[in-house]
Amino acid sequence: ERSMERLRPLERLIRDMLLFARGDSLGRQRFNVCELTAELAHTLEPVARARQVAFTEHCECGDATLYGDRKSLAGALTNLLENAVQATPAGGAVSLGAALKGGEVSFRVSDTGCGMDAALQERIFQPFFTTRAEGTGLGLAIARGVARGHGGDIAIASAPGRGTTFTLKLPLAAELAEQTETQA
């Protein structure tokens, strides 16, 4: 049992390395945005509660769908959420929101943690850059790669002492499917 517990972080590291090395998503399908955020909330809420961090989820996307690799997108958002929970002290809050705007879905992961200065924000997406002793420095690089592989990107808004918000924007399923068919 102890061996299995110690192997889980290694398995995640190997999975992250392979995803980073491949640099692209594998299986693409249509899926509902709000179902994805509800699934992420179900997974992250116990983690936040264990760290005494309030967690909320709100999706304003109705029946909007995305077209892409659901598993890799869920992994990218999970990484942002886990980072937010780790950066937030007990008594703080983390939120996940999704909204539609101009043919895009915006996922917002916000925390009331320590925030980041401009110098750190410039380096945060670089592969192998980390501020944590146990970190690999791949999580945010992979998350950005997944977003870009789906026709989107990730932006950051942060200030020391004021928390951080990551916004992952992706085109809706219809727009991305049209782009993919046009390029084929």
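This is a predicted model: local features need pLDDT of at least 70, side-chain atom pairs count only at pLDDT 80 or more; totals for chains, interfaces and linings use all residues.
Local features rest on pLDDT of at least 70 and side-chain atom pairs on pLDDT 80 or more, while totals for chains, interfaces and linings use all residues. Residues are numbered from 1 along each chain as its sequence is written, and side-chain values use heavy atoms, with hydrogens and water left out.

**Exercise 1. The chain as a whole**

State how many helices and strands the protein chain has, and what share of its residues is buried.

Step 1. Helices (H or I, at least four residues) and strands (E, at least two) are DSSP runs, numbered from the N terminus. The protein chain has 6 helices and 7 strands.

Step 2. Read from the N terminus, their order is α-β-α-β-β-α-β-β-α-α-β-β-α.

Step 3. Buried means under 20% relative accessible area, exposed over 50%, and partly exposed in between (1.4 Å probe, protein chains only). Of the 184 residues in the protein chain, 42% are buried.

**Exercise 2. Strand S5 and its partners**

Find which strands pair with S5, and in which sense.

Step 1. Two strands pair if DSSP finds at least two bridges between them.

Step 2. S4 (residues 93-101) pairs with S5 in the antiparallel sense over 8 bridges. Ala99 faces Ser106 of S5 across this pairing.

Step 3. The hairpin of S4 and S5 has 2 residues between the strands, and Gly102 there has a positive phi near 55 degrees.

Step 4. S5 also pairs with S7 in the antiparallel sense, over 8 bridges. Here Arg108 stands opposite Thr167 of S7.

Step 5. As for cover, 6 of the 8 residues of S5 (104-111) are buried.

**Exercise 3. The largest pocket**

Give the volume of the largest pocket and describe its lining.

Step 1. On a 1 Å grid over the protein atoms alone, a pocket is an open set of points where a 1.4 Å probe fits, with protein on both sides within 12 Å along at least five of seven lines; lining residues have an atom within 4 Å of a point.

Step 2. The largest pocket holds about 890 Å³ of space.

Step 3. Its lining has 33 residues, with Asn83, Gln86, Thr130, Arg132 and Gly135 nearest the centre. Two or more lining residues come from each of helix H1 (2-22), helix H3 (70-87), helix H5 (139-149) and strand S7 (164-171).

Step 4. For H5, the buried residues include Leu140, Ile142 and Val146. Gly151 follows H5 and has a positive phi, near 85 degrees.

Methods. Grid points are joined across faces, edges and corners, and a volume is the space filled by probe spheres set on the points.
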